[in-house]
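Dear colleague,

Please find below the structure that I am handing over to you, together with its sequence.

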Amino acid sequence: MKKAKRNAILGLIAFLLIAVGAAYSVIYGLGNERVGLAKDIPLGLDLQGGVSVTYEIQEENATDEEINATIDKLQRRVDTYSPDAEVYRQGNRRITVEIPVDTSKYDPNEILDALGRPGKLEFLDPTNYQKFAAGETEYEAALTGSDVKNAEGGRIQDQTTGADEYIVSLQFTDEGAQKFSDVTGANVGNQVYIVYDGAVVSAPVVREQISGGSAQIDGMDDFDEASNLASTIKIGALPLTLKELSSQVVGAKLGSDALRTSLIAGAIGLGIIFLIMIIIFRVPGFLASIALTLYTILELFFLNTLHITLTLPGIAGIILSIGMAVDANVIIFTRIKEELGVGKTVKTAVKAGFEKAMSAIIDGNITTIIAGIVLLIMGTGTVKGFARTLILGIVLSMVTALVVTRVLLTIAVNLGITNKKLYGVAKAPKITKYSKGFKFASVFSIIIILTGIAFLFVNKNIGTRGNALNYSLEFSGGTSTAVTFNEPYSLADAEEKVLPVFSEVGIDSSKIQIQIVDNTNQIVFKSNMLDDEQRSSLATALKEKFEITDDKIDTQNISSTISKETQRDAILAVVIASLLMLIYIAFRFSDARFGVSAVLALIHDVLFVFFAYSIMYLSVGGTFIACMLTIVGYSINSSIIIFDRIRENLKIMSVDKDGYDSIVDTSISQTFTRNIYTNLTTFVTILMLYIMGVASLKEFTFTLMVGVVAGTYSSICITGPLWLAMRKGFKKKGDDSTSKKKVAKA
């Protein structure tokens with residue numbers, strides 16, 4: 001016993017050292033590079049502000065080599081604005097550029113204009129260089145960037161002295177080779193000037209006429225200088241022609257406010273969770289709160305070390321994953337209370353609680369990870385940020401619940417904290433006949449779903465709406481201009497005072513849709529697609545008229561081409577995630593009826609959320625995808641908990657004596673409090689974000705709350721009874737004999 005206490009004390013000390021070390025790294029960072037520092041977590045466009053633009057490749061048969069070269073050259077350009085800028089390929093013919101940058105220091109429209117330029121690289125002979133130096137706008141270049149096939153920095157050894165020399169090797173196209181031969185032949189002994197975007201980057205002396213399509217520039221001081229010159233020459237011209245499909249400018253102040261309020265909301269939500277856990281589960285709840293604190297610290301640490309860019313939906317993903325981390329603890333603690341209720345000691349109950357909760361926790365989290373992976377693969381921009389933080393959070397939640405919480409509970413037991421009153425003892429649950437209420441629940445669900453569908457037709461015939469759903473620009477195409485005024489404006493004020501500004505700069509105000517953002521001074525104006533000049537003119541006019549600054553104006557362009565692809569990807573993502581989860585559940589439970597009923601239940605939850613989007617005419621856009629897949633991943637957790645208990649009760653209850661109805665009713669009754677507790681804590685975290693978060697997150701968090709409520713309802717009233725109905729209606733060979741064997745074995 002003394003050894004157990006000694007090990008417990010040593011374990012506690014080790015845990016505290018790890019926790020303090022993790023906290024230190026998050027607050028101050030480790031080493032010279034400040035690894036793990038929370039304030040150095042890279043922020044996305046919606047938090048830091050910046051520019052995002054998606055281009056479509058105009059060449060029909062662009063090769064992978066040409067696309068990758070274009071991405072490389074664009075990346076080199078955007079690196080000058082931000083080290084966190086990213087250029088990536090989407091599909092076969094799209095390239096997206098994201099530049100998180102302080103828009104108070106850079107003009108967003110100038111950045112968009114610079115990105116759209118192919119980059120001007122020219123080779124000038126002495127005569128034309130003199131014209132260039134004198135400021136003449138017209139002069140003739142001997143070669144341009146399109147004549148250069150490749151440029152590489154390198155090192156050679158002088159054959160006479162043996163010293164290292166640093167060079168740039170050039171390769172020209174067939175046409176460029178002839179041009180270069182001509183200019184070098186005419187200028188032996190003179191300089192040829194290489195000019196990129198108005199600046200001379202090199203001026204080598206021509207020693208002889210150079211033909212054959214290759215050349216070398218020498219005289220560099222070191223390899224870095226040679227490499228930089230080669231890079232500049234390479235990015236001088238984009239290999240492909242790009243057309244802007246969508247663009248977005250986000251003000252920095254809007255982002256910083258969103259980050260601050262979201263973090264405060266998360267802290268408050270976490271505090272409420274701690275309070276609920278301690279009240280319900282006592283000592284285990286207190287220890288879980290400590291484990292969840294470490295979980296939060298580790299989340300911040302890995303966001304920094306893995307360089308995961310944090311976005312607004314990403315913050316929602318973190319807060320949601322905190323709620324899901326609570327779920328694992330609730331499952332474990334509920335099991336411990338049940339074991340204590342049948343007379344086991346605290347030590348035995350703790351061990352048994354973890355063992356019996358293991359399968360449900362693993363299955364529930366893996367299904368959510370499946371949804372997250374689909375979202376990560378098929379999502380774009382901020383939706384990817386949501387998926388990354390959600391997946392990271394789920395992995396960390398399993399580690400903290402199954403390892404950290406278990407270690408802390410073992411330490412507590414070995415230190416002599418073994419009074420059952422400190423852990424709570426579960427009473428035998430009252431068995432409710434949920435299976436008999438399935439008919440009423442089905443009717444209610446059908447009414448809700450049909451009402452949501454009916455409102456599609458209602459919306460289409462309402463003059464102020466005109467569309468079945470309120471598609472955002474991501475789905476409909478056009479330009480959105482979100483303006484935060486210095487004072488609140490009503491709809492009538494916006495029509496009277498703001499729309500004339502649009503007309504003054506040549507924008508048709510008769511087709512503009514106006515959306516007032518509740519409890520803020522922000523108004524969103526949706527119009528036809530605006531070009532860079534129109535956006536710039538509008539921003540200038542709004543700033544002058546209403547005395548607002550750049551960071552109060554947020555514009556976004558999305559074409560109808562990208563909108564159709566987004567709609568297709570949204571539907572495809574939900575279908576793929578559902579099928580993968582169906583396969584996983586069917587495999588894990590050795591019964592396809594479990595998988596089918598689980599997927600039908602989660603489709604039920606998705607349709608409940610769709611009901612909210614339909615009757616309230618909420619904006620259907622990128623966050624709609626994130627919301628739907630979150631519901632798909634999260635709501636299935638509760639179904640798996642019930643299925644896990646049904647699977648267990650099939651082994652210990654007599655089918656002949658009790659019947660499948662009784663097994664299902666008993667399983668739901670036994671897991672009822674767990675469903676309520678875990679969904680309550682998740683709901684609280686999202687509610688805090690809804691109350692305190694910025695306007696851009698309100699619809700997202702509201703629909704998530706609808707999804708949590710729908711998931712709670714379906715897991716109790718739909719999932720189990722639906723499996724029961726399928727068991728009775730679709731019997732498979734060996735159902736009864738298998739059950740008898742299990743009973744006999746038990």
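The model is a predicted one. Its chain has 746 residues, of which 53% count as buried. Along the principal axes, the C-alpha atoms fill a box of roughly 105 × 70 × 55 Å. The secondary structure comprises 22 helices and 17 strands. Of the contacts in the chain with a separation of 6 or more, 77% are made by residues 24 or more positions apart.

The sheet of S6, S7 and S10

Three strands form an open sheet in the order S6-S7-S10, and their pairing is antiparallel. Strand S6 (148-157) and strand S10 (214-220) each have a single partner strand and stand at the edges, so one side of each lacks a neighbour in the sheet. On average, and with direction ignored, neighbouring strands here are turned by 25° against each other.

S6 and strand S7 (residues 164-172) run antiparallel and are joined by nine bridges.

Ser-202

Ser-202 lies in strand S9 (residues 199-202). Is this residue buried or exposed? The relative accessibility of Ser-202 is 12%, and the cut-off for burial is under 20%, so Ser-202 counts as buried. Apart from neighbours within four places in sequence, Ser-202 contacts Val-192, Tyr-193 and Ile-194, as well as Ile-217 and Leu-229.

Two helix pairs

The pair formed by helix H1 (residues 2-27) and helix H9 (residues 283-305) packs at an angle of about 40°, and the axes are 9 Å apart. H1 is therefore oblique to H9. Their crossing is left-handed. On the H1 side, the contact is made by Phe-15, Ala-19, Ala-22, Ala-23, Ser-25 and Val-26. These meet Ile-290, Leu-294, Ile-297, Leu-298, Leu-300 and Phe-301 in H9. Sorted by class, the contact of H1 with H9 has 11 nonpolar residues, one polar residue and no charged residues.

The other pair consists of helix H13 (residues 438-460) and helix H18 (residues 592-615), which pack at an angle of about 40° with axes 8 Å apart. H13 passes H18 in a left-handed crossing. Which residues of H13 meet H18? They are Phe-444, Ser-445, Ile-448, Ile-449, Thr-451, Gly-452, Phe-455, Leu-456 and Asn-459. From H18, the residues in this contact are His-604, Leu-607, Phe-608, Phe-610, Phe-611, Ser-614 and Ile-615. By class, the contact of H13 with H18 comprises 10 nonpolar and six polar residues, with no charged residues.

With kind regards

Notes:
Residues numbered from 1 in each chain as written. Predicted model: local features only at pLDDT ≥ 70, side-chain atom pairs only at ≥ 80, totals over all residues. Heavy atoms only, no water. Pairing = 2+ DSSP bridges. Helix = DSSP H or I, 4+ residues; strand = E, 2+ residues; numbered from the N terminus. Axes fitted to C-alpha atoms, helices over the stretch in contact; angles between N-to-C directions. Buried < 20%, exposed > 50% of the residue type's maximum accessible area, 1.4 Å probe, protein only. Contact = heavy atoms within 4.5 Å. Parallel < 35°, antiparallel > 145°, perpendicular 65-115°, else oblique. Left-handed = near helix turned anticlockwise from the far one by under 90°. Nonpolar A, V, L, I, M, F, W, Y, C, P; charged D, E, K, R; others polar.
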